[in-house]
Amino acid sequence: MFSWLRMALIIMVTTFLTRFIPFSAFFQNVNTLVHELAHAVVALLLKGSVMHIYLYADQSGVTYTSYTDNWMLIPIALAGYMGSALFALLLFYLHARGKGSFGLACIAVAAAAALALFVRNNYGMAWSAGFTALTAVIYFAAPGWLRSGYYLLIAFICLVESIISPFILLFLAVTDPASAGDAASLSQSTFAPAFVWAALFCGFSLWCAKIAVGYLFRRGASGIQISK
């Protein structure tokens with residue numbers, strides 16, 4: 001029970017603080033990018049294809065895929081919210097293991113790969129290019145304390161957004177199921193209504209957040225220094 005209460009407190013405080021950070025909306029798109037890339041990766045693993053990804057200034061996004069069998073929609077649709085929750089967990093795991101520099105490199109490579117392969121709308125391409133360039137500069141040229149702060153900023157924002165997004169989806173699934181994105185797609189392909197899938201995403205994101213926050217307090221964590 002304590003670990004859940006601790007997680008809830010940290011998420012509430014972090015949500016409040018990140019809304020006051022200048023340009024926080026810019027970094028919130030990292031979670032959107034990961035969400036859409038997760039759709040794309042699963043589609044490719046199922047031997048489908050990815051036409052393009054669109055990212056928007058309001059932190060929304062869409063991935064256009066094609067696949068051969070109808071059942072493939074289920075894992076592809078599941079991948080978005082679950083993938084972003086697992087990615088946030090990965091960032092905190094790497095921090096606890098003292099591998100923040102590797103995590104920062106992964107973030108930059110993901111954005112660069114998305115730009116090169118999938119992102120095709122104007123805002124999405126500009127954001128991906130700008131974020132990749134900024135992250136590369138921080139990685140190669142910034143002092144250790146700034147790299148660490150930048151990495152943790154992204155990690156906390158991804159954690160917060162990985163929780164907020166499925167709860168927004170749950171609200172939509174209850175009030176307007178047809179507009180509930182991935183939950184609506186899953187509902188059309190299964191017997192479960194959209195709000196059930198949205199609730200599943202919420203529960204999974206909270207579980208991942210609980211584990212991620214636990215890494216912050218795990219003995220032997222690397223502190224805030226990221227070595228290269």
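This is a predicted model: local features need pLDDT of at least 70, side-chain atom pairs count only at pLDDT 80 or more; totals for chains, interfaces and linings use all residues.
Residues are numbered from 1 along each chain as its sequence is written, and side-chain values use heavy atoms, with hydrogens and water left out.

**Lys99**
- Lys99 sits in the loop between H3 and H4; helices (H or I, at least four residues) and strands (E, at least two) are DSSP runs numbered from the N terminus.
- Between Lys99 and Ala8 there are 26 Å in space, C-alpha to C-alpha, and 91 residues in sequence.

**The largest pocket**
- A pocket is an open set of points on a 1 Å grid over the protein atoms alone, with protein on both sides within 12 Å along at least five of seven lines; a cavity is a set where a 1.4 Å probe fits but cannot get out, and lining residues have an atom within 4 Å of a point.
- The largest pocket holds about 690 Å³ of space, a volume being the space filled by probe spheres set on points joined across faces, edges and corners.
- Its lining has 29 residues, and His35, Glu36, Gly61, Tyr81 and Asp182 are the closest to the centre.
- At least two lining residues each come from helix H2 (24-45), strand E2 (61-66), helix H3 (73-96), H6 and helix H7 (181-189).
- By class, the lining of the largest pocket has 11 nonpolar, 14 polar and four charged residues; Ala, Val, Leu, Ile, Met, Phe, Trp, Tyr, Cys and Pro count as nonpolar, Asp, Glu, Lys and Arg as charged, and the others, Gly among them, as polar.

**The second largest pocket**
- This one comes in at about 160 Å³, and its lining is made by Val34, Leu37, Gly83, Phe87, Leu90, Cys106 and Ala110.
- H3 gives the most to that lining, with three residues.
- The lining splits into six nonpolar, one polar and no charged residues.

**The cavity**
- There is one cavity of 30 Å³ or more, and the largest cavity has a volume of about 40 Å³.
- Val30, Leu33, Val34, Leu37, Phe87, Ile107, Ala110 and Phe131 line the largest cavity, and H2 supplies the largest share, four residues.
- That lining has eight nonpolar, no polar and no charged residues.
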